[in-house]
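Let's take a walk through this model together, with the coordinates open beside the text.

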Amino acid sequence: MAEPMNPAPALLVVAAFSRHDEALGWARERLQHDYGPLAAASPLFSFRHTKYYETTMGPDLLKQLMAFEQLMGQEQLTAIKLHTNHLERELAETGQFAEPRPLNLDPGLLTLGKFLLATTKDQAHRIYLRDGIYAEVTLRFQDGGYEPWPWTYADYREPVVRAALKEFRDYYRRRLPADPG
């Protein structure tokens, strides 16, 4: 019988998007306060892949992925998603933006083999964690890069996102105490 083992800690990656530079700056500051310094960040890129968010967030959304220096236990993903949901509400409740949802924060965990996102939405390919939070393996690492699944969101298929995640993975590999493979 195989003995259960705790997985290696993972790299926390948070995708932030908004149409407001001020909201994105606020998110970076708050996330660094809560999760420590950034290790790296992707360039800002246009989030044009769906109109789903326009009614609550407005048009012309920009998105950025941020990776944090401190590695996280994989069991923390639910708590992190609940916290980022709280941060979204906190900023919305300030009333300083016209939109009801001026900021969207999507946390995920990066390991050597996959990039996992937390979500509140259930689908056939998602696993329930707890407290209304599900996890989805959004990308897999294969043949030297992150590759999409049929369900991978369009923005995570973008070269800028996959290149950033590859850079984050290189950082993560250097941070691991022993290279597991």
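Which residue just after α3 takes a positive phi? It is Gly95, with a phi of about 75°. Please keep in mind that this is a predicted model.

## Two helices, one by one

Helix α1 covers residues 21-35. Its 15 residues reach 21 Å from the first C-alpha to the last, close to the 21 Å expected at 1.5 Å a residue. The buried residues of α1 are Ala23, Leu24, Gly25, Ala27, Leu31 and Tyr35. Their packing partners are β1 (10-18), β4, α3 and β5.

Helix α3 runs over residues 77-93. Buried positions in α3 are Leu77, Thr78, Ile80, Lys81, Thr84, Asn85, Leu87, Glu88 and Leu91.

## How the two helices meet

Two packed helices are described by the angle between their axes and the distance between the axes. For α1 and α3, the axes come within 11 Å and cross at roughly 140°. Angles over 145 degrees count as roughly antiparallel, and those from 65 to 115 as roughly perpendicular; α1 and α3 are therefore oblique to each other. The crossing of α1 past α3 is right-handed.

The α1 side of the contact is made of Ala23, Trp26, Arg30, Leu31, Asp34 and Tyr35, and these meet Ile80, His83, Thr84, Leu87, Glu90 and Leu91 of α3. Sorted by class, the contact has 7 nonpolar, 2 polar and 3 charged residues. Ala23, Leu31 and Tyr35, which take part in this contact, are also among the buried residues of α1. On the α3 side, Ile80, Thr84, Leu87 and Leu91 belong to the contact and are buried as well.

Most residues other than glycine have a negative phi. Against that background, Asp60 and Asp131 are worth a look. Phi of Asp60 is near 60°, and phi of Asp131 is near 50°.

Asp60 sits in the loop between α2 (54-57) and β4 (61-72). Asp131 has its place in the loop between β7 (127-130) and β8 (133-142). Are these residues buried or exposed? Asp60 has a relative accessible area of 65%, so Asp60 is exposed. Asp131, at 47% relative accessibility, counts as partly exposed.

Thr111 lies in the loop between β5 (104-110) and β6 (114-119). Buried means under 20% relative accessible area, and Thr111, at 9%, is therefore buried. Leaving aside neighbours within four places in sequence, the contacts of Thr111 are Ala10, Gln74, Tyr146 and Tyr172.

Asn104 is part of strand β5. At 1% relative accessibility, Asn104 counts as buried. Which residues does Asn104 touch, not counting those up to four places away in sequence? They are Ala15, Ala16, Phe17, Tyr53, Met57 and Glu88. Asn104 also brings us back to α3: Asn85, one of the buried residues of that helix, is 19 residues from Asn104 in sequence and 8.2 Å away in space, C-alpha to C-alpha.

Note on methods:
Residues numbered from 1 in each chain as written. Predicted model: local features only at pLDDT ≥ 70, side-chain atom pairs only at ≥ 80, totals over all residues. Heavy atoms only, no water. Axes fitted to C-alpha atoms, helices over the stretch in contact; angles between N-to-C directions. Helix = DSSP H or I, 4+ residues; strand = E, 2+ residues; numbered from the N terminus. Parallel < 35°, antiparallel > 145°, perpendicular 65-115°, else oblique. Left-handed = near helix turned anticlockwise from the far one by under 90°. Contact = heavy atoms within 4.5 Å. Nonpolar A, V, L, I, M, F, W, Y, C, P; charged D, E, K, R; others polar. Buried < 20%, exposed > 50% of the residue type's maximum accessible area, 1.4 Å probe, protein only. Expected span 1.5 Å × (residues − 1).
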